[in-house]
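The following note sets out points for a colleague who wishes to read the model alongside its sequence. Each point takes up one part of the structure.

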Amino acid sequence: MQRQEIIERVKKVVARVLKIDGEISDGANFIFDLGADSAQSVMLVAAFEEEFDIEMEEDKALQVQTVKDAVDFIAGYVKS
Amino acid sequence: MAQSSQVKSRNLDSLFYPQSVAVVGTNKVPGTVPHDILVNILKSDFQGIVYPVSPKEKSISGLKAYKYVSDIEDPIDLAIIVFPSSVVHMALEQCGRKGVKSVVIISAGFKEVGGEGILRENQIKEIAGRYGISLIGPNCLGVINTDPSSKLNASFARKMPEEGSIGFLSQSGALCTAVLDYARAKHIGFSKFISFGNKADVSEIDLLRYLRDDPKTRVILIYLEEISDGRGIMEAARDIIASTGKPVLAIKSGRTAEGASAAASHTGSLAGSDEVIDAAFRQAGIIRCRDIEVMFNKAIAFAYQPLPQGNRVAIVTNAGGPGVLTTDAAVKEGLRLASFSEATTDVLRKSLPKTANTKNPVDVIGDARADRYHIAVSETLKDPQVDGVFVILTPQSMTDIEAIAREVCSVAGQSSKPLYASFMGEADVAPGVDILQRNRVPHYILPESMPMAFSTAYRFKNRTLAGPAADGIPESPNAAKARAVLDTAIRSGRRVLLEDEAAPVLELYGLPVLKGGTAGSAEQAAELARRMGFPVVMKVLSEDIVHKFDVKGVVLNIATPDAAAEAYRSILAETARFRPDAKIKGVLVRKMIPAGEEVILGIKRDPSFGPVVMFGLGGIFVELFRDVQFRIAPVDMETADAMVRGIQASGILTGARGKTPRDTAAVCACLTALSRLAADCPQIAELDINPVIVMEAGQGCFVADAKIMM
């Protein structure tokens, strides 16, 4: 899967879960920039898992704080 | 009284009197901290401007919300950060760039959780330092300022407290909410209320100094869980008390003796952290309270009423029993029941019923109404032989509780002497108690609490702060030599210096050490004894043996060379029997001095307060009686004298019951010298001089055994 495709799909998931209408930058932090609360942070991980049909380890998933983090993380899973 | 060092306080006005406040990371979800903090500020009738900062919301509670703090056009004095800990550093960095002066970080998840939390805390410390931000928290409840010119409740406490003159500092956030609820029920008002949490930047010492200079604060209360800079707290408290006369009351939780059990010395085992805190607080003039209720019982006496000028109290009651209970408590607290002047007695006799008791305690009889209370309270209060009045009421069917409460408030308001009240009971007296509390008459559920609060205020009035500040006593001219001896020992891997090696160090500080020698054989022991002159004392030298008598390692009153040789053999045999594992260095032979009283002197290094000196009745039962006094080192002669007189058994030394007074001045000189040694030589972890033999007055004292642990 191309990186650009991952980026687009991650942003779509983020926009849906966090109910964001506008532009989402690659470096956007889910909490600081997009206003995610703790429940939404958990929902995001679940939504990524579903979108990309992967299972993210809980400890590592919690360290994913930005769109870029998520893309890097998912790219690693998709490759392997 | 100690001179005030008057360290300038940090300017925290942007924290307590901000013109503008940003709540960073707030949201629209009621019942969550980020939301409720914003609403609490709005509800507190804050006099400045509030800016919600929320990444997602356009508006919150009718206010325009900003995505970032940097989006706010106006300058911001104070930011309250309520984001989760993982992004707090980002918010703080933005605050720094924006030029925000003060920040309160409410969020938890920092030092208190360990691991990554410690890294996060270091990161926010660095950011605050870089931008010169005054930072409160993290992991705290927030700050409250009731001053009408600010009216700021930047906390998640449910309600703004009443305005008052008590400044409250707390390391625990959750406790604050309970304290506020407790205080509100009793109409206890606060000037400032601060939960300082992990104190990453602004410390309790900074806040103490701020309250020192805060004209709205008359009484300072502090709740502490751990003390990182004990001497700093002592200095700040001394300074507050000396320069402003504001009392400082403290609760230090964790009153356990942890760390004291595994000590290698008598001093170490006796000086638990709690004993050291007691001593330090006493030295600094801090009033230590065992719980929240006692703290507020004392605080309201300070906050509402003048300080007593003397200890003569009058009791006015409508029931005999409570009057007696209060009398007993007053006497126990060192107060005196006032003897009324003839004029007072005359008025009381003429105005009260024949069955009333016009002597102290004045019993106005069960059917007393407000007029009788008025006469008894106002007459006793104005008697020049009375320094304060305790008013007791029991709710009898004839008692007009509210009218009496109003009368008591009116009389109290016109007097320059303290008046406390106890309306006993709960349900029936509640309306009267409410009147007293609203009118700032200290009220106590139990009448016995009145003498306790009064005597605290009286002692504070007559306070003398013990000794100079730590840097007030100069280093000994022999300090370098002593440190060199200790350093040499440490370099060669030594951790313990027994009497033979400890004595030269003590001698450098002028302690009266007796000459002795170490015998490695029975023959040497006999020869040393002959040279010393009989009688001699002999004792085992072993790092492994703390209680020498327990292992029969001491022989006294040896009168001949043969007896010395025999004593040597006996000591080795007995110690080998009791402690086969102990490594024996030899046997010390020393001239025996005539009998005297035995006392113990010691040093311990406390992690929070540094070197501590101990004094107590010595000998083999020191740990059994625990009759010891501690002070933070160094101490002057006056403090040393207070230590000597402070033990329960001080009469043994000062000449009680016909005993010959002992040379306490010589003991005090030893204590001051030892405390100087403790302050000069950080190499010493613990030190015991047990015993010091104290001769009759003018005859001095002698170090009979000593041990230094490094």
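**Notes on the predicted model**

1. The model is a predicted one, and the values below are to be read accordingly.

2. Helix H1(A) itself comprises residues 3-18. Its 16 residues should span 22 Å at 1.5 Å a residue, and the end C-alpha atoms are 22 Å apart, which agrees.

3. A:Ile6, A:Val10, A:Val13, A:Val14 and A:Leu18 are buried. These residues cover an arc of only 105° around the axis, so they lie on the same side of H1(A). On the other side of this helix, A:Gln4, A:Glu5 and A:Glu8 are exposed.

4. What does each chain bring to the contact between chain A and chain B? Chain B contributes 10 residues and chain A contributes nine residues. On the side of chain B that touches chain A, six of the residues are nonpolar, three are polar and one is charged.

5. B:Lys56 may be examined in this connection. This residue belongs to the loop that separates strand S2 (49-53) from strand S3 (59-60) of chain B. Leaving aside residues up to four places away in sequence, B:Lys56 touches A:Leu34 and A:Gly35. Is B:Lys56 buried or partly exposed? It has 16 C-beta neighbours inside 10 Å, and B:Lys56 therefore counts as partly exposed, since a residue is called buried if 20 or more such atoms lie within that distance. Within chain B, the C-alpha atoms of B:Lys56 and B:Thr26 are 9.7 Å apart, although 30 residues separate the two along the chain.

6. Chain B as a whole may be described as follows. It holds 24 helices and 30 strands. The C-alpha trace spans about 95 × 80 × 40 Å along its principal axes. Of the 710 residues in chain B, 54% count as buried. Among contacts in chain B with a separation of 6 or more, 73% come from residues 24 or more positions apart.

7. Helix H11 of chain B covers residues 320-332. From first to last C-alpha, its 13 residues reach 19 Å, which is close to the 18 Å expected at 1.5 Å a residue. The buried residues in H11(B) are B:Pro322, B:Gly323, B:Leu325, B:Thr326, B:Thr327, B:Ala329 and B:Ala330. Their cover includes strands S15 (312-317), S16 (336-337), S17 (362-363) and S18 (388-393), together with helix H16 (449-461), of chain B. After H11(B) comes B:Gly334, with a positive phi near 85°.

8. An open sheet in chain B consists of four strands in the order S21-S24-S22-S23, with antiparallel pairing. Strands S21 (516-519) and S23 (554-558) stand at the edges; each has a single partner strand, so one side of each lacks a neighbour in the sheet. From one strand to the next, the twist averages 20°.

9. S21(B) and S24(B), the latter comprising residues 586-591, pair in the antiparallel sense over four bridges. Opposite B:Gly516 stands B:Arg590 of S24(B), and opposite B:Thr518 stands B:Leu588 of that strand. S22(B) is joined to S24(B) by six bridges, and these strands run antiparallel. B:Val537 has B:Arg590 in S24(B) as its bridge partner.

10. Is S24(B) largely enclosed or left open? Five of its six residues are buried, so S24(B) is largely enclosed by the rest of the structure.

11. Helix H19 (residues 522-532) of chain B lies across S21, S22 (536-541), S23 and S24 of chain B and runs at about 15° to S24(B). Helix H20 (residues 561-578) of chain B also packs on the sheet, touching S21, S22, S23 and S24, and its direction makes about 25° with that of S22(B).

12. Where does B:Ser521 lie? This residue is found in the loop between S21 and H19 of chain B. B:Ser521 has 14 other C-beta atoms within 10 Å and is therefore partly exposed. Its C-alpha atom is separated by 8.3 Å from that of B:Val587, 66 residues apart along the chain.

Technical notes. Residues are numbered from 1 along each chain as its sequence is written. Chains are lettered from A and ligands numbered from 1 in the order in which they are written. This is a predicted model: local features need pLDDT of at least 70, side-chain atom pairs count only at pLDDT 80 or more; totals for chains, interfaces and linings use all residues. Helices (H or I, at least four residues) and strands (E, at least two) are DSSP runs, numbered from the N terminus. The expected span of a helix is 1.5 Å times one less than its number of residues. A residue is buried if 20 or more other C-beta atoms lie within 10 Å of its own, exposed if 12 or fewer, and partly exposed in between; C-beta atoms are placed from the backbone. Two residues are in contact if their C-beta atoms, placed from the backbone, lie within 7 Å. Two strands pair if DSSP finds at least two bridges between them. Axes are lines fitted to C-alpha atoms, for helices over the stretch in contact, and angles run from 0 to 180 degrees between N-to-C directions. Ala, Val, Leu, Ile, Met, Phe, Trp, Tyr, Cys and Pro count as nonpolar, Asp, Glu, Lys and Arg as charged, and the others, Gly among them, as polar. The arc is that of the directions from the helix axis to the C-beta atoms.
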